[in-house]
Amino acid sequence: MPWMGINDLGTFVVAVILFLMLPGPGTFTLLTATARGGVRAGYATLAGLMLGDQILIAIAATGVAALLQAHPLLFAGLRYVGAAYLIWVGINLLREPTAAAGEAAPLQHGRRWFRQALLVGVLNPKAILFYMAFFPLFIDPVRQRGALTLATMAVLIALLSVGWCSVLIFGGQFIARRLAGYPRVGVWLRRAVGVCLVVFGVRLGLDGA
């Protein structure tokens with residue numbers, strides 16, 4: 001029986017978890033923040049990603065996603081902005097100078113990670129369309145309660161995000177501590193993340209071109 005107008009709650013939860021586990025720009029942003037700023041930076045990044053998700057869910061629920069679909073040029077423009085931002089973040093990681101031996105990497109404020117994660121999340125028009133297509137699959141048309149059902153689904157996504165991303169944050173912190181004595185490995189990992197973000201940006205920009 002649907003709960004709060006949500007069909008097959010167990011399948012919904014599993015689908016959200018699998019979606020969260022797929023590596024993407026948000027995952028790399030979260031791990032980079034944790035490795036360089038610790039748990040506090042990781043949770044600041046998580047807060048930005050979650051706020052971005054909630055904004056996209058609200059946009060999808062209010063029909064703006066349909067507006068983007070109806071106006072391809074508007075959708076393409078937003079896609080290019082998001083792609084350019086991912087590429088810019090990736091290039092900054094690649095260009096960042098290597099710290100001298102024994103010199104600690106400069107600490108960055110949580111607010112910076114929060115803003116970056118928020119932009120990474122919001123500047124992804126494909127995520128808006130994903131939520132617009134994903135939610136109707138699990139909404140019972142008879143027992144759904146409108147905004148209350150959508151809000152319940154958004155809260156469940158937020159709770160699952162906190163759970164999975166907490167695993168990434170503490171796992172990333174553990175790995176970062178183990179690699180603290182191997183700065184060259186850390187440099188190559190940072191460059192690998194930079195390359196991944198550039199690749200994500202290029203793919204986002206070329207998709208549908």
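The model is predicted, so local features need pLDDT of at least 70 and side-chain atom pairs count only at pLDDT 80 or more, while totals for chains, interfaces and linings use all residues. Residues are numbered from 1 along each chain as its sequence is written, and side-chain values use heavy atoms, with hydrogens and water left out.

The protein chain contains eight helices and zero strands. Here helices (H or I, at least four residues) and strands (E, at least two) are DSSP runs, numbered from the N terminus. Read from that end, the order of the elements is α-α-α-α-α-α-α-α. The chain has 209 residues, of which 39% count as buried; buried means under 20% relative accessible area, exposed means over 50%, and partly exposed lies in between (1.4 Å probe, protein chains only). Its accessible surface comes to about 11600 Å², and carbon and sulfur atoms account for 71% of this. Such areas come from the Shrake-Rupley method with a 1.4 Å probe, and for residues only the protein chains shown count as cover.

Just after H2, another glycine, Gly63, takes a positive phi of about 90°.

Rings of Phe, Tyr and Trp (its six-membered ring) pair if their centres lie within 6.5 Å; planes under 30 degrees apart count as stacked, over 60 as edge-to-face and the rest as tilted. By this rule there are two aromatic pairs. In one of them, the ring centres of Phe28 and Phe200 are 5.9 Å apart and the planes stand at 50°, so the pair is tilted. This pair links distant parts of the chain, with Phe28 in helix H2 and Phe200 in helix H8 (residues 183–206), 172 residues apart. Phe28 counts as buried because its relative accessibility is 18%, whereas Phe200, at 22%, counts as partly exposed.

The other pair is formed by Tyr43 and Phe170, whose ring centres are 6.2 Å apart; their planes are at 65°, so this pair is edge-to-face. It too links distant parts of the chain, as Tyr43 belongs to helix H2 and Phe170 to helix H7 (residues 147–178), 127 residues apart. Both partners are partly exposed: Tyr43 has 31% relative accessibility, and Phe170 has a relative accessible area of 47%.

Thr29 also lies in helix H2. Its relative accessibility is 2%, and therefore it counts as buried. Leaving aside residues up to four places away in sequence, Thr29 touches Thr45, Gln116, Ala117 and Val120. Gln116, in turn, lies in helix H5 (residues 110–122) and is buried, with a relative accessible area of 8%. With the same exclusion, Gln116 touches Thr29, Tyr85 and Val89. Elsewhere in the chain, the charged end of Arg112 sits over the ring of Trp113, 4.4 Å from its centre; this requires NZ of Lys or CZ of Arg within 6 Å of the ring centre and within 35 degrees of the ring normal.

Three further residues illustrate separations in sequence and in space. Asn7 is placed in the segment before helix H1 (9–21) and is partly exposed at 26% relative accessible area. Asn7 and Leu137 are 130 residues apart in sequence, with their C-alpha atoms 8.0 Å apart. Ile17 is in helix H1 and counts as partly exposed at 32% relative accessibility; between Ile17 and Ser161 there are 144 residues of sequence separation and 8.0 Å in space, C-alpha to C-alpha. Finally, Leu206 lies in helix H8 and is exposed, with a relative accessible area of 59%. Leu206 and Tyr80 are 126 residues apart in sequence and 8.7 Å apart in space, C-alpha to C-alpha.

Conventions:
Contact = heavy atoms within 4.5 Å.
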